[in-house]
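Q: Please take a close look at one part of this structure: the aromatic residues and what surrounds them. Keep it brisk, and walk me through the packing step by step.

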Amino acid sequence: MESYFSGIWKDDYVSLLKHSGDALIDYVNKLSPSSVLDVGCGYNRLRDAIPGLVGIDPYNSEAHLHMSLEEYYQYEFPPADTVLCLGSINFGSEKNIDEQISMLDKLFLKDCIFRVNPGIEHSWSNEWKDIEWYDWNIEKINKIAIEYRYKIKSLEEEYTSQGHKRYFFHYAKY
């Protein structure tokens, strides 16, 4: 996964996404968070557009902190008002996803915003072959909301430039 996300993967399509692309900047800023954690920030494109944002990423040197969610969680940083997970909570088994959601629950005070992949492999590269893609679905998104007593403020489908479906959703603790 490191070789894929530290050199092959590019985020040049992200600005085109209807909900989690450029429109996300205004969406997040309207929430008026005092702090934002961008988990798996990639090239950290939002760092100058969203005040108080800190980006973490284990594979990209553009991150403020070069570490995974699991590493960040162990440091016991104070929770952020808002957490962004724009493609980072997509890998591994359901057990792995559930463990990451449990960590995220402790890392945000108000809002957690996701873009997830419903198990669609990146067909433009052979480097993904060792990556286990989690098959996100509406039932799982709703199950998490019920389990953690989150309000789903938004749940939308959007599509990449290759026509691959993604789910955009927003959990709130209020």
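A: A residue counts as buried when its relative accessible area is under 20%, and as exposed when that area is over 50%. Keep that cut-off in mind. The model is predicted.

Start with tyrosine 134. It sits in the loop between S4 and H5. Its relative accessible area is 9%, so tyrosine 134 is buried. What does tyrosine 134 contact, leaving aside its neighbours within four places in sequence? The list includes Asn90, Phe91, Gly92, Ser93, Glu94 and Ile97. Asn117, Pro118, Gly119 and Lys140 are also on it. Take phenylalanine 91 from that list. Tyrosine 134 and phenylalanine 91 are 43 residues apart in sequence, yet their C-alpha atoms are 5.3 Å apart in space.

Now move to tryptophan 133. This residue forms an aromatic pair with phenylalanine 91. The ring centres are 5.1 Å apart, the planes make an angle of 55°, and the pair is classed as tilted. Phenylalanine 91 belongs to the loop between S3 and H4, while tryptophan 133 belongs to the loop between S4 and H5, so the pair ties together parts 42 residues apart in sequence. Are these two partners buried or exposed? Phenylalanine 91 has 12% relative accessibility, so it is buried. Tryptophan 133, at 11%, is buried as well.

Step back to the aromatic residues as a group. The whole structure holds 13 aromatic pairs. One aromatic cluster is made up of Phe108, Phe114, Tyr134, Trp136, Tyr148, Tyr150, Phe169 and Tyr171. Tyrosine 134 is therefore a member of this cluster.

Next, phenylalanine 114, another member of the cluster.

Histidine 19 is found in the loop between helix H1 (2–8) and helix H2 (23–29). At a relative accessible area of 18%, histidine 19 is buried.

Look at S4 itself. Seven of its nine residues are buried, so the strand is mostly covered. S3 and S4 pair in the parallel sense, over six bridges. Alanine 80 stands opposite phenylalanine 108 in S4.

Phenylalanine 108 also meets a charge. The charged end of lysine 173 sits over its ring, 4.2 Å from the ring centre. Lysine 173 leads on to lysine 151. These two lysines are 22 residues apart in sequence and 6.5 Å apart in space, C-alpha to C-alpha. Lysine 151 is in strand S5 (residues 151–159). At 48% relative accessibility, lysine 151 is partly exposed. Not counting residues up to four places away in sequence, lysine 151 touches His170, Tyr171, Ala172 and Tyr174.

Arginine 149 lies in the loop between H5 and S5. Its relative accessibility is 75%, so arginine 149 is exposed. Its phi is positive, about 60°, although it is not a glycine. Most residues other than glycine have a negative phi.

Last, the cysteines. The structure holds zero disulfides. Cysteine 112 is in no disulfide, and the nearest cysteine sulfur, that of cysteine 85, is 4.2 Å away. Cysteine 112 has 1% relative accessibility, so it is buried.

Note on methods:
Residues are numbered from 1 along each chain as its sequence is written. This is a predicted model: local features need pLDDT of at least 70, side-chain atom pairs count only at pLDDT 80 or more; totals for chains, interfaces and linings use all residues. Side-chain values use heavy atoms; hydrogens and water are left out. A disulfide is a pair of cysteine sulfur atoms within 2.5 Å. Buried means under 20% relative accessible area, exposed over 50%, partly exposed in between (1.4 Å probe, protein chains only). Rings of Phe, Tyr and Trp (its six-membered ring) pair if their centres lie within 6.5 Å; planes under 30 degrees apart count as stacked, over 60 as edge-to-face and the rest as tilted. Helices (H or I, at least four residues) and strands (E, at least two) are DSSP runs, numbered from the N terminus. A charge sits over a ring if NZ of Lys or CZ of Arg is within 6 Å of the ring centre and within 35 degrees of the ring normal. Contact means heavy atoms within 4.5 Å. Two strands pair if DSSP finds at least two bridges between them.
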